[in-house]
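Biologist: I am new to this structure, so please show me how to read it one feature at a time.

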Amino acid sequence: MKIDYEGKLNPEQYAAVTNVEGPLLIIAGAGSGKTTVITYRMAYMIDKGIPQHSILALTFTNKAAREMADRVRSVTGRKLRDLTVSTFHAFGVKILRKEIAALGYKDNFSIYDEADKNQLIKDCAREQGFRMESFDAYKVGTLFSQIRSEQRPWSKADDAYRGLYDEYRRSLRIFNAVDFDDLIVLPIELFELHPEVAERYRDTFRYVMIDEFQDTSLMQYRFIRLMSSRNLCIVGDDDQSIYSWRGANFENFGLFERDFPGFSEVKLERNYRSTATILDAANAIIANNENRKEKALWSPAGKDGTPIELYTPEDEGKEAEFIARMIKEIKLKDHLPWGEFGILIRTNNLTRRIEEALLAEQVPYRISGGTSFYGRKEVKDVISYLRVIANPDDDVNLLRIVNTPRRGIGKTTLEKLNAIARAHDSSLRTAMELVRAGDPLDAEGGADAAFALRAEEPTSGLASREDARGGLSEKAVADIGVFLDLLDEYREELLGKKKIAAKVRQLVDAIDYWGYLVEENKQSDKAAKWKFHNLEILVKSIEEWESNPDNLSPGIFEWLNRVSLITRDDLEDEEGGEVNLMTIHAAKGLEFEVVFIAGCEDGIIPHARSLEEGEGNLEEERRLFYVAVTRARRRLLVSSCLRRRKQNQTIDCVPSPFLQEIPPELLQNCVGESEFTEEEGAAQFGKLMAMFDSGEEPEGEPRG
């Protein structure tokens, strides 16, 4: 298959594709066709007679690796069995399977996942005399990972864990196991201790390409450096480096330039995704970062596009309502499928209000990069109680809550109850009622099953009472009775259609869910408090719903039906998909016709906690906002609330300082198009315009 490279690529892309000898740096701006360049570059090398087995392409996810390999096969029309397209960690495994004996391991080593790793850390800690009641294996595992991958050195505060770290490493050796960090670190050790092995890999893979180079860690760069010959091509965008919290180091670009003198550089600045207005705004924002490579995205289409729309809702509730209504309005007007809408948020705790509003407007959506509020275990547990109270024969939800919190109705009891339910062709709840009544096997239709069940029981003189109750002990029957009494009591309370929220709060207390959370989260009091806080949010949302004057039927059945729409399997519009609600981090690499950036306020974007954690984080927060802006193809809507509720109090909000960095002519104040009063919107927009006029940043905001 002959490929017309010049016809399919723009001049910059063509230069990047055809430059295959020597080190090459490809600066690939957002929406500039990065994947196309990587795909065609591999195809070009194969066309020029470079053997497939000499080419190595590394990326970060299995999905990206598969898609890249599939696209090269599609472009070339070849099977390409000897081409290596892999993630960093999978390639590390490939090396270790062949070479790990040189490091003293057997080649049948095990790879410990996060659960295995944490369990081994716990076992080692127990042997070393740590107090397990307060031991947090996840936190210690994170520390060990940072130490192992050289993200941080040991500090005095870590001294208590040095011996444990050594014991953990020693135990891995004893068990002939490696953890996830070892898949990068051990190949480095191998290459440094045995240069001849590194040379062999350099000879094999003479052409190496690295995708998403801005996401590489220092250890991954060392790995690349040790096994790469002169023909190393790195592809990335330092302006989209947003993963420092997991070890990514955008300064690796500088290390590449130092280690590979004489490198060529190609900039891909033509953006095929967004309007000129969106690109001009993005360029203006990111230009405020000092530590970056100069570039400016531009649109070959030459269309300016509509201004970026700024909305200033009264609070997060009004913001969510606005987003949901506007999505429906734009969909109807522009005939867009649901999947072409993206709602981007800085942190997951902003999802709940937006979910509520999408639900109210019957807008199908999905959560990416986090768990839906209604999908969190503690929230699902309480909703399951309400479902069983409303529908006694709901076996699925009954099984979820029957022993949550633990109440002595264990697996053996449930097996016997299931046998009774099958005997009577009834629900599990009916079987429980029969047990409580005292003679589950004499009811209509149960004679044959009664014989079968009793035949299975040992003939060692079981009391007739236990026999009549399907083999259940008196304690089990008593526990079932207490559980049923609880459900009966709250069914009567909740079917009254008044003060549902108050009854739910009482139910949470009655089952001592707080005690359950404390027991389940012994290692993290903070986690227990966070989960219980989610239940407070749930109760508050019910309270707001039932007190809404427009809600003419505020009953438990109506509320459950409403919530059911969130997780219904058939909610997705087969043709239009679902609206995408996600964190900005999760949105990287994606694009949507219409993008909403919610919560664009100081303290959220940029995030206050991130700024507290170290210098330089303001620039990463700006890169994060840049990524959010460049997800939009045609229309970008930004909302900044006047007030927001934080930690049980309402506070006044200030617009994000990053909005100040957008040229005013690219912004449009759209308060008049919403339901919010002109005065409220004008107050917020006035704050923003004052920032533009003065050229100053908000008080207390660190400068970039």
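Modeller: Let us start with a proline, P405, which is found in the loop between α17 (395-401) and α18 (411-424). In such labels, helices (H or I, at least four residues) and strands (E, at least two) are DSSP runs, numbered from the N terminus. This is a predicted model, in which local features need pLDDT of at least 70 and side-chain atom pairs count only at pLDDT 80 or more, while totals for chains, interfaces and linings use all residues. Residues are numbered from 1 along each chain as its sequence is written, and side-chain values use heavy atoms, leaving out hydrogens and water.

Biologist: Is the peptide bond from T404 to P405 cis or trans?

Modeller: The bond from T404 to P405 is cis, and its omega is near -5°. Another cis peptide bond runs from I605 to P606, with omega near 0°. P606 lies in the loop between β13 and α28 (608-612).

Biologist: What is the phi of L80?

Modeller: L80 has phi near 55°, which is a positive value in a residue other than glycine. You will find L80 in the loop between α4 (62-76) and β3.

Biologist: Now the sheets. In what order do the seven strands of the open sheet come?

Modeller: In general, strands of a sheet pair through backbone hydrogen bonds, either parallel or antiparallel. Here, two strands pair if DSSP finds at least two bridges between them. The seven strands follow the order β11-β12-β10-β13-β14-β9-β17, and their pairing is parallel. At the edges stand β11 (365-368) and β17 (667-669), each with a single partner strand, so one side of each has no neighbour in the sheet. From one strand to the next, the twist averages 25°; axes are lines fitted to C-alpha atoms, for helices over the stretch in contact, and angles run from 0 to 180 degrees between N-to-C directions.

Biologist: Over how many bridges do β10 and β12 pair?

Modeller: Strand β10 (residues 341-345) and strand β12 (residues 579-583) pair in the parallel sense over four bridges. One partner in β12 is T583, which bridges I345. Helix α13 (residues 276-286) packs on this sheet, touching β9 (308-311) and β14 (632-639), and its direction makes about 60° with that of β14. Contact here means heavy atoms within 4.5 Å. Helix α14 (residues 316-334) lies across β9, β10, β12, β13 (592-597) and β14, running at about 155° to β14.

Biologist: At what angle do α13 and helix α29 pack?

Modeller: α13 and α29 (residues 617-629) pack at about 175°, with their axes 9 Å apart. That makes α13 roughly antiparallel to α29 (angles under 35 degrees count as roughly parallel, over 145 as roughly antiparallel, 65 to 115 as roughly perpendicular and the rest as oblique). From α13, I278, A282, I285 and I286 meet R622, R623, F625, Y626 and V629 of α29. By class, this contact has seven nonpolar, no polar and two charged residues (Ala, Val, Leu, Ile, Met, Phe, Trp, Tyr, Cys and Pro count as nonpolar, Asp, Glu, Lys and Arg as charged, and the others, Gly among them, as polar).

Biologist: And which order has the open sheet of six strands?

Modeller: The order is β3-β2-β6-β7-β1-β8, with parallel pairing. β3 (84-87) and β8 (264-268) are the edge strands, and each pairs on one side only. The twist of this sheet averages 15° from one strand to the next. Helix α2 (residues 11-18) packs on the sheet, touching β1 and β8, with its direction at about 145° to that of β8.
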